[in-house]
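Have the sequence and the model side by side.

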Amino acid sequence: MGLSTRFTELLGVQHPIALAPMGGSAGGALAAAVSRGGGLGMLGSANGDPEWLARELPLIAEAAGKPWGIGFLTWQIDADAIERALEHRPRAVMLSFGDPSPFAERIRASGTVLIIQVTDLEEARQAVDLGADVIVAQGTESGGHGARQGRSTLPFVPVVVDLAAPVPVLAAGGIADGRGVAAALALGAAGALVGTRFQATTEALVDPSTAKAIVEGHGEDTERNRVLDIARGSRWPSKYTARTLGHRYLDLWRGREAELAADPRARQDYQQDVAQGEIPSLPMWAGEAVDLITDLPSAADLVATLAAQAEDALNRAGRL
């Protein structure tokens with residue numbers, strides 16, 4: 001039957017589980033599988049690259065008419081990216097990291113559900129003021145990019161739930177099994193946005209070595225840093241660092257970010273190491289809950305598993 005929440009009712013999905021639109025791994029096959037499984041699959045479109053969308057969007061047809069969405073890095077897009085996305089009639093568009101105000105009105109005017117991810121209370125207040133239909137409260141346990149000076153999921157989510165009410169909130173960060181989904185619901189959230197767990201699935205667009213590293217990794221192996229963004233020449237805003245698994249360039253430059261930024265030779269060395277296969281083309285984004293990931297299932301099956309685990313956990317806690 002599924003757990004019914006304001007999120008499931010608004011999006012027309014069976015389970016209160018959404019795929020984090022992770023750049024580099026949340027392609028059309030993964031998003032379609034999550035949607036088929038009863039969650040909300042979202043493409044990780046990042047900057048809205050037309051060629052990438054042209055390749056991945058046709059795979060959404062595998063979702064068999066189920067609701068799906070597209071996520072963007074707000075600091076990296078322009079209005080044209082939003083227009084290209086809306087042409088494909090997604091059920092939802094998610095904006096993360098940056099000022100969503102230039103795009104919010106256009107998304108809502110199209111009848112598309114506007115999801116805004118926030119990493120602090122200032123961003124949460126802005127999301128409410130902009131009329132977000134769903135707000136994602138991201139804790140610092142999350143893999144990939146997040147607040148450099150943020151709060152962990154447990155204390156952050158209920159504060160955002162109270163601030164945003166009655167807007168439904170999804171919890172994000174450190175959720176990799178159904179117990180995490182149940183905990184999100186117990187905190188007052190209407191569901192969970194799950195990232196790292198879905199990277200370790202058969203449909204994810206990740207190198208096999210990355211999937212293997214996630215399955216074998218531990219929470220203490222992860223580290224939030226700016227080193228890898230600087231080394232690879234990424235223009236990510238400095239207020240957002242990234243949680244990754246260990247990396248040779250982290251060991252070389254940890255605590256020396258300013259020196260790295262001023263050393264073009266070091267950045268050239270990084271690109272050369274990528275070209276030669278010495279290091280992966282992308283950092284291995286992974287959250288603190290990576291210990292809970294021990295296999296590589298289909299994403300559709302994983303959604304059902306997470307939902308069943310969540311119901312069981314809530315039952316055992318006497319909440320159902």
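Is Arg265 buried or exposed? Arg265 is exposed, and its relative accessible area is 55%. Keep in mind that this is a predicted model.

Start with that arginine. Arg265 pairs with Asp269 in a salt bridge, with 3.2 Å between the closest N and O atoms. Both residues sit in helix H14, which spans residues 264–275. They are four residues apart there, so about one helical turn separates them. Asp269 is partly exposed, at a relative accessible area of 29%.

Other pairs reach across the sequence. Asp120 and Lys239 form a salt bridge, and their closest N and O atoms are 3.9 Å apart. Asp120 lies in the loop between strand E5 (113–118) and H6, while Lys239 lies in the loop between helix H11 (227–231) and strand E11 (240–244). The pair therefore ties together parts that are 119 residues apart in sequence. Asp120 is partly exposed, with 23% relative accessible area. Lys239 is also partly exposed, at 37% relative accessibility.

Now turn to Asp133. Its side chain meets that of Arg108 in a salt bridge, 3.9 Å from N to O. Asp133 is in the loop between helix H6 (121–129) and strand E6 (134–138), and Arg108 is in helix H5 (residues 101–109). Because of these positions, the pair links parts 25 residues apart in sequence. Asp133 is partly exposed at 22% relative accessibility. Arg108 is partly exposed too, with a relative accessible area of 42%.

Key. Residues are numbered from 1 along each chain as its sequence is written. This is a predicted model: local features need pLDDT of at least 70, side-chain atom pairs count only at pLDDT 80 or more; totals for chains, interfaces and linings use all residues. Side-chain values use heavy atoms; hydrogens and water are left out. A salt bridge is a side-chain nitrogen of Lys or Arg within 4 Å of a carboxyl oxygen of Asp or Glu. Helices (H or I, at least four residues) and strands (E, at least two) are DSSP runs, numbered from the N terminus. Buried means under 20% relative accessible area, exposed over 50%, partly exposed in between (1.4 Å probe, protein chains only).
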